[in-house]
Each structure stands twice: as C-alpha cells, then as structure tokens.
Amino acid sequence: MDIRVAAYGVIVDGPRILLAHWNEGGRSGWTLPGGGIEPGEDPLDAVVREIAEETGFEARADELLGIDSKIVPAEARFVPDAGPLHALRIVYRATVTGGSLRNELGGTTDEAAWFALASIPNRRVDLVDAALRMAGLGDLARPER
C-alpha cells in the first residue's frame, strides 16, 4: 500500500472560503488549497507553499485543525495496478497575508476562487466536508456517509 501525506489550508475570510479546483486524470472537483509534502518538508511549510502555488496568495498557517485519514481503493487510483493508497491529509486553519488571487498553471489545480460559505459548490471533494467539520463549520458540510 502506498502512502501520501499532504497539507491543506482552510481559509475563511468573513462570509467566504477559498477553494481550488482540482482537475486530474479526467476527474475534478473543488478542494482546499494544499497538496503533497515534499520529502523532508515540514507540513507547515508545505501548506504555505501549496497555497501560494494554487492561489497566488501568501499565507500563514495557523492552528492545526486535524488529520483526515482515508484509504483509496486500488480501482479508484489513477495509476493502473498501483494498489490501494493511504492518504493522510493534515488540515490547518490559514490566513491570507498578501499576494493576489490567480490560477495555477501546469499543476493539478486549474482555478482558485472565493465562495460564499452558504453556497459552497456541491461538486467538491470529501476533504472539504471533513475540514469544515474540523473548523467548526459542520453545518455547512454534507452529511457523512
């Protein structure tokens, strides 16, 4: 079984949340800005780097909200015959400190946008709902399955 450790930021500014549009291997959905931790990289550094890459914003990682653990079955992976994947997703509250909104070029996300908390897109990855619950915004999350 492969393992992937990644760090993500929940960035809420008043009545809105910042999301990135993941688009990879013919699958897509809105997700939190963030991504894989490089070997030897601290998760705090990774989330700040990933937020900048995916949204154009400089950010500060604040409190650790939690860690989401998910097993992705082999048949749901993008790589044929890769076997299952254990995804550990470290979620921080984060704050924009500078920069300006822009879309990532050549990455696994192709758009970044602010959404009203009351109208988060339904076409989103399950991490968004897990993170909303971690951030105390569970009333905005879809019911757990």
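**View 1. Elements that line the largest pocket of the predicted model.** In this predicted model, the lining of the largest pocket draws at least two residues from each of β1 (2-10), β3, β4, β5 (34-36), α1 (43-55), β6 (57-72), β7 (85-99) and α2 (126-134). The volume of this pocket is about 850 Å³, and among its 29 lining residues those closest to the centre are Arg4, Tyr8, Trp22, Glu24 and Phe78. Sorted by class, the lining of the largest pocket comprises 11 charged, 10 nonpolar and 8 polar residues.

**View 2. The hairpin of β2 and β3.** Strand β2 (residues 12-13) pairs with strand β3 (residues 16-24) in the antiparallel sense over 2 bridges, and Asp13 has Arg16 in β3 as its bridge partner. Between the two strands of this hairpin there are 2 residues, and Gly14 adopts a positive phi near 60°.

**View 3. The hairpin of β3 and β4.** Strand β4 (residues 27-31) runs antiparallel to β3, to which it is joined by 5 bridges, and Ser28 in β4 is the bridge partner of Asn23. In this hairpin, where 2 residues again lie between the strands, a positive phi near 60° is found at Gly25.

**View 4. The pairing of β3 with β8.** Strand β8 (residues 109-116) and β3 pair in the antiparallel sense over 7 bridges, with Ile17 standing opposite Phe115 in β8. In general, the side chains of a regular strand alternate between the two faces of the sheet.

Notes: Residues numbered from 1 in each chain as written. Predicted model: local features only at pLDDT ≥ 70, side-chain atom pairs only at ≥ 80, totals over all residues. Heavy atoms only, no water. Pairing = 2+ DSSP bridges. Helix = DSSP H or I, 4+ residues; strand = E, 2+ residues; numbered from the N terminus. 1 Å grid on protein atoms, 1.4 Å probe; cavity = no way out; pocket = protein on both sides within 12 Å on 5 of 7 lines; lining within 4 Å. Points joined across faces, edges and corners; volume = space filled by probe spheres on them. Nonpolar A, V, L, I, M, F, W, Y, C, P; charged D, E, K, R; others polar.
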